[in-house]
Amino acid sequence: MQQEPKAGDDGFTLIELLIVIVILGVLSTVTVFAVRGITDQGQQNSCAAELTSLTKVEEQHYILHGSYAAEADLVSNEVVVAESSMYDVTLAADGTYTIAPATGSACTGTATGGGAVGGAATAVGPDRSVYTTPISSSAFGSFHGNPGSLQVTPDPNEPAEVVVFGRANGLLDWHDMLNGAQPGTQRVTFVNLNNASAASIASAIDQARNNGPTTVAYYPSDDPGGTDGATITQVWNNNPAPLHRSLVTLVAAPASGMTLTQLLNSIG
């Protein structure tokens with residue numbers, strides 16, 4: 001006797017299998033493109049962040065050393081730990097730098113900046129650092145073993161000498177001073193405490209004293225722990241003289257208190 005087939009034993013037809021295969025193929029394709037899109041977006045974000053970081057590093061090198069730099073010099077001067085795998089940084093003869101994608105990098109963005117300082121308005125340093133007045137009388141570089149110091153000599157015939165010690169807040173105040181008006185003193189020097197030693201602090205103060213009446217100004221907000229402030233005070237007190245004006249503590253605008261510009265305006 002012939003056995004009747006049970007319901008449900010027919011299985012899948014060839015058309016049904018093909019439909020399933022096509023659906024799986026479409027789903028896998030959509031997944032691949034979705035993942036690739038997420039990966040590409042992540043790569044673009046990484047490239048943009050690296051480009052921004054290298055631009056800021058160039059400005060930091062300028063503040064510390066008075067010049068922009070190629071990538072190898074950024075590493076040797078310990079502004080960055082290692083060269084970037086995404087971008088190459090090159091320096092032209094005129095002092096301008098170019099940041100371009102490294103060989104084999106998926107990055108596409110570029111950046112340029114830098115150039116010689118003097119005459120025209122130039123952007124350097126942190127906020128409020130775009131000079132609205134010419135700064136050709138400012139020297140950027142090293143002063144008595146203090147890389148990154150800044151110096152302006154408005155009038156060599158004036159007797160007053162001012163030496164300013166600070167870091168970030170001091171630089172903000174310095175830029176504000178030059179954006180307003182250059183002071184009517186013999187010379188004003190900013191010594192960056194990031195690079196200063198006790199010996200170089202003493203050298204800067206003593207040299208200024210040799211030039212005539214001297215005021216030393218200091219930003220406690222730039223000196224966590226007060227170590228540099230103690231050194232500055234000790235050097236100042238070790239050699240009192242009638243011509244030495246004062247040791248002044250300053251705050252950077254827009255905080256309350258005496259700013260560098262106010263100090264210079266008070267010196268007659």
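Trainee: How many helices and strands are in the chain?
Mentor: Six helices and nine strands. Keep in mind that this is a predicted model.

Trainee: And what share of the residues is buried?
Mentor: Buried residues are 38% of the 268 in the chain. The chain exposes about 14400 Å². Carbon and sulfur atoms supply 57% of that area.

Trainee: What about contacts with a separation of 6 or more: what share comes from residues 24 or more positions apart?
Mentor: That share is 61%.

Trainee: Switching to helix 5. Which of its residues are buried?
Mentor: Asp228, Gly229, Thr231, Ile232, Val235 and Trp236. They sit on the same side of helix 5, because they cover an arc of only 160° around the axis.

Trainee: Why would residues a few places apart point the same way?
Mentor: An α-helix has 3.6 residues a turn, so residues three or four places apart point the same way.

Trainee: Which residues are exposed on the other side of helix 5?
Mentor: Thr227 and Asn238.

Trainee: What do the buried ones pack against?
Mentor: The buried residues of helix 5 pack against strand 6 (161-166), helix 4 (198-210), strand 8 (214-218) and strand 9 (244-249).

Trainee: New topic, the surface. Which residues make the nonpolar patch?
Mentor: Ile15, Ile19, Val20, Ile23, Leu24 and Leu27 make a patch of about 590 Å².

Trainee: Where does Ile23 lie?
Mentor: Ile23 is in helix 1, residues 14-65. Its relative accessibility is 46%, so Ile23 counts as partly exposed.

Technical notes: Residues are numbered from 1 along each chain as its sequence is written. This is a predicted model: local features need pLDDT of at least 70, side-chain atom pairs count only at pLDDT 80 or more; totals for chains, interfaces and linings use all residues. Side-chain values use heavy atoms; hydrogens and water are left out. Buried means under 20% relative accessible area, exposed over 50%, partly exposed in between (1.4 Å probe, protein chains only). Helices (H or I, at least four residues) and strands (E, at least two) are DSSP runs, numbered from the N terminus. The arc is that of the directions from the helix axis to the C-beta atoms. Contact means heavy atoms within 4.5 Å. Patches are made of residues with over 30% relative accessible area and no salt bridge: like charges are joined within 9 Å, nonpolar side chains (Val, Leu, Ile, Met, Phe, Trp, Tyr) within 5 Å. Accessible areas come from the Shrake-Rupley method with a 1.4 Å probe; for residues, only the protein chains shown count as cover. A salt bridge is a side-chain nitrogen of Lys or Arg within 4 Å of a carboxyl oxygen of Asp or Glu.
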